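Have the sequence and the coordinates open as you read.

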Amino acid sequence: MTGAPQLDHRFARDLPELAVAWRAAPTPAPRILALDEALAAELGLDPAWLRTPDGLGLLTGTIPPEGSQPVAQAYAGHQFGGYSPRLGDGRALLMGEFTTTNDGAFTTTDDGGFIDDGGFATRGGGRDLHLKGSGRTPFARGGDGLAAVGPMLREYIVSRAMHALGIPTTRALAVVATGGTVYRETPLPGAVLARVAASHLRVGTFQYARATDDPDLLRRLADHAIARHYPEVAGSDRPYLDFYRAVVARQADLIARWMLTGFVHGVMNTDNMTISGETIDYGPCAFLDVFDPATVFSSIDEGGRYAYRNQPAIAQWNLARLAEALLPLLATEQSKAVTLATDALAEFAGIYETTWHTGLLAKIGLTPETEEPKIAFELLELMHQEKSDFTSFFRRLPDLSDEPFTPWLQRWRALGPDISLMNRTNPIYIPRNHLVEEALADPGTHLDTLVETISSPFQEKDGRTRYSEAAPPGSGIYRTFCGT
């Protein structure tokens with residue numbers, strides 16, 4: 001495609017009560033800082049066109065395609081456990097949905113199954129184009145609606161890494177410097193992030209719909225989500241219960257994948273949990289350096305609610321809030337609806353444990369049929385005691401000779417671990433926190449090399465040793481910020 005795309009507007013068309021028509025704020029001097037050209041090609045967009053004034057207008061929302069209907073989406077959410085009935089896109093716009101691509105990535109398999117294209121839940125087809133930092137909307141709640149370059153580049157970097165690691169995620173198409181200034185503690189250069197996702201439906205979207213006391217809206221929202229993400233349940237005897245079970249399963253698998261790579265989301269509010277099962281909103285996120293289950297990166301998470309080890313439990317808590325929103329659709333009698341939802345939520349544990357344990361064993365070259373199924377958990381305990389680097393440790397495990405691990409290593413080697421399985425499972429490169437900060441401080445020098453390196457995380461690259469090394473000694477406690 002050499003010009004502006006045609007965007008569909010299913011969300012606004014199907015759910016006008018959840019969509020407020022809006023336009024992006026002007027950008028004085030837009031300039032692309034980062035562009036995922038491979039993703040652009042998947043979407044049928046010409047990277048060269050995206051760098052033209054019209055292309056920059058699409059990426060910043062200032063020149064919507066002809067017939068476009070940009071909207072701010074309404075949703076509610078529990079933030080750090082406290083309920084906010086009206087959140088919504090305070091600094092973001094849904095530009096519309098792509099419905100075709102150059103490579104057919106949005107089609108379904110012959111049996112209607114899920115296509116694993118790196119995280120997009122494409123069974124219902126289509127991908128959102130969503131802008132972040134595009135200006136104040138009616139949901140802004142006193143904020144300026146803008147975003148600074150640093151946090152937008154962080155999302156670009158980390159979402160690129162997550163996609164390369166095979167973890168379902170929203171994807172950053174571009175970061176565009178606006179030429180304007182954003183005022184936080186100090187004046188900062190402004191930016192807009194163009195993000196692509198299977199949808200931006202969240203647990204908080206259902207909470208908002210339930211709070212309107214409009215049964216028809218709640219049902220239409222559920223039908224919209226089923227059509228987009230879980231069309232296989234549409235004809236079942238209990239489509240809304242099966243929809244909920246499918247979301248539970250997708251999230252259980254997602255969180256286990258986070259844990260296996262040492263990823264800490266940092267702000268697992270219900271408005272940051274997608275219905276599609278994609279990771280969304282990379283604010284105060286980071287990857288573990290030293291393995292410590294109590295690790296917290298967010299500067300505002302003083303109680304450790306969203307610590308690494310708490311992520312599975314928080315995901316279940318969020319899914320319980322989704323169940324509460326869906327109760328009227330599950331059964332006419334509330335007690336029956338509660339029982340059905342409770343039983344469905346209980347399935348989370350088994351799915352999570354299967355993915356988690358199978359993944360842990362793969363990280364040490366074993367399968368679930370091993371004679372010592374607990375050996376991986378014992379290794380995690382040793383790693384915690386010895387303050388091991390979570391990522392590099394598994395890559396150097398075959399050659400490890402550290403004395404504290406000697407008895408464990410003898411038992412492990414006797415099991416005949418598959419080293420090739422380990423190398424396919426354990427990344428060499430992740431967006432290490434000190435490298436991310438380096439790229440944010442000087443993107444012109446460091447950004448492209450970092451992104452190129454983490455985009456092929458399992459392949460060793462000449463001259464990139466520093467990208468696989470642990471954080472420098474004395475780095476101290478790493479803290480991240482939301483950027484709002």
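## Starting at R321

Not counting residues up to four places away in sequence, R321 touches H78, Q207 and T270, where a contact means heavy atoms within 4.5 Å. R321 sits in helix α9; helices here are DSSP runs of H or I with at least four residues, strands are E runs of at least two, and both are numbered from the N terminus. At 13% relative accessibility, R321 counts as buried. For that label, buried is under 20% relative accessible area, exposed is over 50%, and partly exposed is in between, using a 1.4 Å probe and protein chains only.

A quick word on the ground rules. This is a predicted model, so local features need pLDDT of at least 70 and side-chain atom pairs count only at pLDDT 80 or more, while totals for chains, interfaces and linings use all residues. Residues are numbered from 1 along each chain as its sequence is written, and side-chain values use heavy atoms, with hydrogens and water left out.

H78 belongs to strand β4 (residues 77-79). Is H78 buried or exposed? H78 is buried, with a relative accessible area of 12%. If you skip the neighbours within four places in sequence, H78 is in contact with Y83, Q207, N269, T270, D271, W317 and R321.

The side chains of H78 and Q207 are joined by a polar contact of 2.9 Å. That term means a pair of N or O atoms within 3.5 Å; within protein, one must be able to donate a hydrogen and the other to accept it, and residues adjacent in sequence count only if both atoms are side-chain atoms.

## How α6 packs on α9

Helix α6 (residues 203-211) and helix α9 (residues 311-330) have axes that come within 9 Å and cross at roughly 35 degrees. Those axes are lines fitted to C-alpha atoms over the stretch in contact, with angles running from 0 to 180 degrees between N-to-C directions. On the α6 side, V203, F206, Q207 and R210 make the contact, and they meet N318, R321, L322, E324, A325, L326, L327 and P328 of α9.

α6 is mostly covered, with 7 of its 9 residues buried: V203, G204, T205, F206, Q207, Y208 and A209. What covers them includes β4, β5 (82-84), α7 (215-229), α8 and α9. Just after α6, D213 takes a positive phi of about 60 degrees.

## The cores

The largest nonpolar core has 100 residues, and those with the most contacts inside it are F206, F243, I275, I364 and L397. Helix α8 (residues 239-261) gives the most to this core, with 14 residues. Apart from it lies another core, of 23 residues, among them A34, V149, A161 and V451. A core of this kind is a set of buried Ala, Val, Leu, Ile, Met, Phe, Trp, Tyr and Cys residues joined through side-chain atoms within 4.5 Å.

Leaving aside neighbours within four places in sequence, I364 is in contact with I375, A376, L379, F394, L397, W408, W412, P417 and M422.

Helix α4 (residues 53-60) has 6 of its 8 residues buried, so it is largely enclosed by the rest of the structure. The buried ones are G55, L56, G57, L58, L59 and T60, and their cover includes β2 (31-35), α3 (47-50), β6 (92-98), β7 (127-132), β8 (171-183) and β9 (187-197). G61 follows α4, with a positive phi near 85 degrees.

Over in helix α7 you'll find H224, buried at a relative accessible area of 4%. Sequence neighbours up to four places away aside, H224 touches R10, F11, D14, L15 and L201.

## Positive phi in loops

Most residues other than glycine have a negative phi. R141, though not a glycine, has a positive phi near 50 degrees. R141 is in the loop between β7 and α5 (149-164) and is exposed, with a relative accessible area of 57%. K387, also not a glycine, has a positive phi of about 55 degrees. K387 lies in the loop between α12 (375-386) and α13 (390-396), and at 61% relative accessibility it counts as exposed.
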